[in-house]
Amino acid sequence: MANPSDKWSRLQDHETPPPGDAYERLRGQLFLSRLQQHSVPPPSSVSALVKNAVRQTNTRKNSIPRRIPLLRWLAAACIGLILAGGAIYWAISNRSAHSAIVSAGRQQTQPAVRAAVPVTASDSAGHSPIGHSDSSSEKTAASGTTILHGAAGIPLAHPAIEGHPLALVDNDLLVTFTSFRYPEIGEYIGQEGEYDLRIHVDQYTNIALSPTMAGFIKEMYSYRKNGKPTRKARKTKERLERWQAADQKQFDSSARSNPIDPFDLGDFLFR
Amino acid sequence: MVTRIINPIFLLAGVVGFLAFRRAAPPQSPDDLTVSYTLTLSSKRGNTGIGETYNGGIETLFAAGAHARLRLASLMRVQSVFIVMDGALVKRVTLLKESGNDRKRTTMTAGEWKEYNKKYAGSTLQITRDTATILRYLCKKVVIALKDGRQLSAWYTPDIQSPAFAALEPAFAGIPGLVLQYEYVYRKKTLRYRATAISHKPIDPAVFTPPGN
């Protein structure tokens with residue numbers, strides 16, 4: 001029988017090397033675990049410095065404005081470009097509109113010479129009025145004398161009532177209303193008590209009809225069930241036509257009375 | 001890097017927008033004058049009859065250099081007086097009815113215009129202590145009295161001078177300023193012209209050209 005102590009001594013000498021990284025891992029764990037347990041309190045001055053530094057960092061963080069996101073910058077730039085483009089467009093269109101009005105006025109200041117329409121210039125006594133005006137439609141224009149034939153329609157070329165454009169009848173606003181060419185005019189006038197009728201003549205002039213006058217026009221455009229004007233409408237129309245005849249007799253037949261003169265106009269209207 | 005591109009775009013947009021608006025603002029010309037007056041007729045009865053066809057009308061004064069025009073626009077008629085000045089003197093006057101088919105045009109010399117307005121010969125001006133503020137201008141009241149007793153009250157501002165208006169409206173000859181309101185009272189009815197707008201925008205020369213010239 002073999003000596004049992006030989007077996008044990010052979011086993012004693014037997015050794016198996018560990019895995020390659022076992023040693024490193026063990027070493028690290030042992031070191032870190034020892035380090036973890038080890039702590040050294042900082043000196044008091046250092047502690048105060050660190051606290052101050054942290055406080056300052058926090059303050060600076062709060063005062064630094066946040067960075068505006070890129071998308072917002074893009075949006076602001078786009079809005080700025082759109083506004084600038086709109087301003088340029090508005091400026092150009094304003095100048096174009098002004099030029100259009102001016103050129104329309106210029107074109108229409110050229111008289112439209114049509115068939116002769118008698119122009120009465122002398123007064124009822126047959127005396128020639130002051131100045132060089134001519135009553136004959138056949139005379140050609142001499143110096144200071146011009147006969148205007150027909151209607152050139154300026155500056156009344158593009159009137160509008162409450163925004164609705166009108167083509168004048170006989171180049172006359174009152175005749176346009178009394179001609180009934182635009183039956184819808186009565187609808188432009190609101191209910192009684194709400195009259196605020198405006199007639200756009202040109203860029204310098206918007207005539208505001210008085211409530212009384214707007215009421216006359218409203219009366220003139222009242223119809224019966226059969227579509228014919230009411231008796232009141234006919235009477236109002238006749239009244240307006242009488243007024244116009246009286247006005248023409250006062251200021252057109254005689255050159256002695258000037259409707260622009262406040263005395264002449266007041267005396268005629270208030271007599 | 002993107003913000004370096006966007007910032008100049010934004011700045012450029014702002015500059016362009018500013019220049020466009022500045023350009024769009026109409027230029028002003030101190031010599032050109034446009035004044036709009038609204039006509040108002042009033043009476044105790046409320047209804048002034050035929051006067052309602054002139055009520056709400058607009059009288060516009062255009063003055064630029066040696067040219068001036070006074071235009072009355074109302075439902076009843078549109079009428080203008082054109083005047084050409086030679087310094088302070090009237091050179092030529094044209095009366096023109098612009099509405100209707102039978103438009104009439106009359107041209108007068110300075111002498112004929114003076115004869116046409118002979119009712120103002122011998123009229124007197126009396127400046128009173130009354131004042132009124134019209135379109136932010138402090139105006140003084142003046143009473144114009146004709147020889148036949150008729151009177152016209154006017155409020156004028158000395159801050160604006162317009163010799164052309166005095167030539168167009170002989171009633172205002174001798175008033176040291178621009179009249180912004182005037183009224184005539186007859187048989188307890190009042191005809192009032194009140195300025196509602198004043199402008200110094202350049203006036204198109206075509207405004208001073210009577211049709212047919």
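**View 1. The buried residues of helix α9 in chain A.** In this predicted model, helix α9 of chain A spans residues 262–270, and its buried residues are A:Pro262, A:Phe263, A:Leu265, A:Gly266, A:Leu269 and A:Phe270.

**View 2. Where α9(A) meets chain B.** What do the buried residues of α9(A) pack against? Their partners are four strands of chain B: β1 (33–43), β9 (151–157), β10 (178–186) and β11 (189–199).

**View 3. The open sheet of chain A.** Here four strands of chain A line up in the order β2-β1-β3-β4, with antiparallel pairing. Strands β2 (164–165) and β4 (205–208) stand at the edges with a single partner strand each, so one side of each has no neighbour in the sheet. As a reminder, strands of a sheet pair through backbone hydrogen bonds, either parallel or antiparallel.

**View 4. Strands β1 and β3 of chain A, side by side.** Let's step into the sheet. Strand β1 (residues 160–161) and strand β3 (residues 198–202) of chain A are joined by two bridges in the antiparallel sense. Find A:Ile161, and you can then look for its bridge partner in β3(A), which is A:Ile199.

**View 5. Chain A from end to end.** Nine helices and four strands make up the secondary structure of chain A. Of the 271 residues in chain A, 22% are buried.

Key:
Residues numbered from 1 in each chain as written. Chains lettered and ligands numbered in written order. Predicted model: local features only at pLDDT ≥ 70, side-chain atom pairs only at ≥ 80, totals over all residues. Pairing = 2+ DSSP bridges. Buried ≥ 20, exposed ≤ 12 C-beta atoms within 10 Å, placed from the backbone. Contact = placed C-beta atoms within 7 Å.
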